[in-house]
Amino acid sequence: MAPQKVCHEIHEKALEIADQQARFVDWLRSVAPYIHAFRNKTFVVAFGGELVQQGALNALIQDVAFLHAMGMQIVLVHGSRPQVEEQLRLHQVESSFSNGMRITDADALESAKEAAGEVRLDIEAAISQGLPNTPMAHARISVVSGNFVTARPVGILDGVDFQHTGIVRKIDADSIHHSLSNRKFVLLSPLGFSPTGQAFNLSMEDVASAAAIALHADKLIYLTPMPGIVEHGELQHELSLDEAQQLQTSDTLDAEAANYLTHAIRACRAGVTRVHLIPFTLDGSILLELFSHDGVGSMISDRNLESLREAMADDVGGILQLIEPLEFDGTLVRRERTQIERDINYFSVIEHDGVLFGCAALYPYPQEKLGEMACLSVAPDAQGTGDGERLLKHIEQRARARGLTRIFVLTTRTEHWFLKRGFRKASIGDLPEDRRRLYNWQRKSLVLIKQL
């Protein structure tokens with residue numbers, strides 16, 4: 001092979017590796033705000049026996065172990081419906097249902113116990129993995145399960161005696177918090193016990209929502225066979241509590257989706273701020289949901305998820321993370337942390353679910369009735385969603401409120417974006433005198449002005 005060709009191939013390979021490294025670093029930086037926001041938070045992660053049956057358990061455990069390693073407190077709640085059905089078939093016992101609930105007689109209760117024990121052992125085995133060169137290497141996670149759930153019988157409904165089918169009466173939150181504070185996983189099964197020692201067959205959805213409420217969990221995450229809440233063929237990525245309640249009464253959802261939505265609403269009403277419904281069929285769905293802007297399923301929230309507001313001192317770190325990549329590639333002028341802290345009252349930010357996704361600043365020049373919009377930045381995974389446009393309009397509103405009649409920007413790379421939004425080209429002589437003195441002649445930024 002010719003030396004020139006070899007050198008060319010080596011150069012191409014080096015460029016490919018450099019590109020992969022750059023993308024990895026960009027991704028790691030983009031998830032850092034979520035890691036900071038979620039550390040020491042309590043997540044209740046619930047999944048049905050179908051996930052275990054379809055071989056997705058190991059992948060899920062690896063993902064939640066990753067969350068645990070980043071400082072999140074994890075409570076796992078498992079279901080076992082298909083495993084119960086299998087046990088009933090083995091024992092030649094027929095399944096009985098009414099009002100969408102299983103009627104649990106003595107034989108069915110024994111099958112439910114066997115099924116829950118089988119799934120629990122599978123989960124504990126998966127958590128105990130530690131093979132080198134796997135995501136579980138060096139994990140060393142302990143799991144605690146026990147009689148954390150007190151239950152009572154459903155009783156007789158519409159003349160039907162549900163026998164050993166129960167609903168949650170109480171969750172032993174103190175004991176669970178104690179285990180979580182010692183960096184342990186807590187595992188809850190769909191079984192509960194009464195003070196008299198009776199056992200009851202419970203639904204996974206009921207146990208999970210009751211646990212999230214009792215623990216004042218920050219998130220309740222259901223991994224479901226469905227993609228999320230789908231209305232008129234479109235996945236609903238975000239629903240407020242009011243929107244979820246309206247959808248619940250619309251009678252447009254199938255029974256499975258309606259059941260999950262009922263428990264999500266219950267949890268939100270009782271103070272759980274976020275409930276996620278995500279598909280377990282998508283590998284890594286819990287990571288994609290938590291560490292990307294739009295997620296992959298449906299999120300129900302008890303409050304507005306996104307706010308466009310004036311910046312506060314606590315936002316300095318988030319603003320720096322937003323603008324640093326643009327400073328590095330020369331799009332923005334470098335600003336020290338002390339400068340951002342000093343000028344924080346000039347900044348506005350877009351916050352989504354506790355994470356900053358955009359910022360911009362307005363520096364006023366009252367004498368000339370001019371304002372400079374600076375540091376306009378939107379996180380890479382939020383670009384194209386209209387956040388830049390919203391920030392611009394907000395800065396314009398702030399400028400008008402201060403009696404300014406025009407705003408200007410200095411730009412080296414985003415001229416066309418601003419021209420499309422009503423700015424026109426101007427000269428350095430059109431800048432306020434104080435700003436002219438600070439103009440960086442090395443950057444040779446274009447001056448664009450917009451009449452308000």
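**Figure 1. Residues lining the largest cavity.** The residues of this lining divide into 5 nonpolar, 6 polar and 5 charged. The model shown is predicted. In total, 16 residues line the largest cavity, and those nearest its centre are Glu289, Ser292, His293, Met299 and Asp353. Helices α1 (3–38) and α10 (285–290) each contribute at least two residues to the lining. The space in the largest cavity amounts to about 140 Å³. A search of the whole structure for cavities of 30 Å³ or more finds 1.

Figure 2. Phenylalanine 357 counts as buried because its relative accessibility is 2%, and buried means under 20%. Leaving aside neighbours within four places in sequence, phenylalanine 357 is in contact with several residues, including Tyr34, His293, Leu322, Ile350 and Asp387. Glutamate 327 lies 30 residues away along the chain, and its C-alpha atom is separated from that of phenylalanine 357 by 16 Å.

**Figure 3. The largest nonpolar core.** This core holds 71 residues, and the members that touch the most others are Leu76, Phe291 and Ile319. Strand β21 provides the largest share of this core, 8 residues. In soluble globular proteins, nonpolar side chains tend to be buried together.

Figure 4. Not counting residues up to four places away in sequence, phenylalanine 291 touches Val31, Tyr34, Ile35, Phe38, Leu67, Met70 and Met72. A second, separate core has 44 residues, among them Ala151, Met204, Ala210 and Leu215.

Methods
Residues numbered from 1 in each chain as written. Predicted model: local features only at pLDDT ≥ 70, side-chain atom pairs only at ≥ 80, totals over all residues. Heavy atoms only, no water. 1 Å grid on protein atoms, 1.4 Å probe; cavity = no way out; pocket = protein on both sides within 12 Å on 5 of 7 lines; lining within 4 Å. Points joined across faces, edges and corners; volume = space filled by probe spheres on them. Helix = DSSP H or I, 4+ residues; strand = E, 2+ residues; numbered from the N terminus. Nonpolar A, V, L, I, M, F, W, Y, C, P; charged D, E, K, R; others polar. Buried < 20%, exposed > 50% of the residue type's maximum accessible area, 1.4 Å probe, protein only. Contact = heavy atoms within 4.5 Å. Core = buried A, V, L, I, M, F, W, Y, C linked by side-chain atoms within 4.5 Å.
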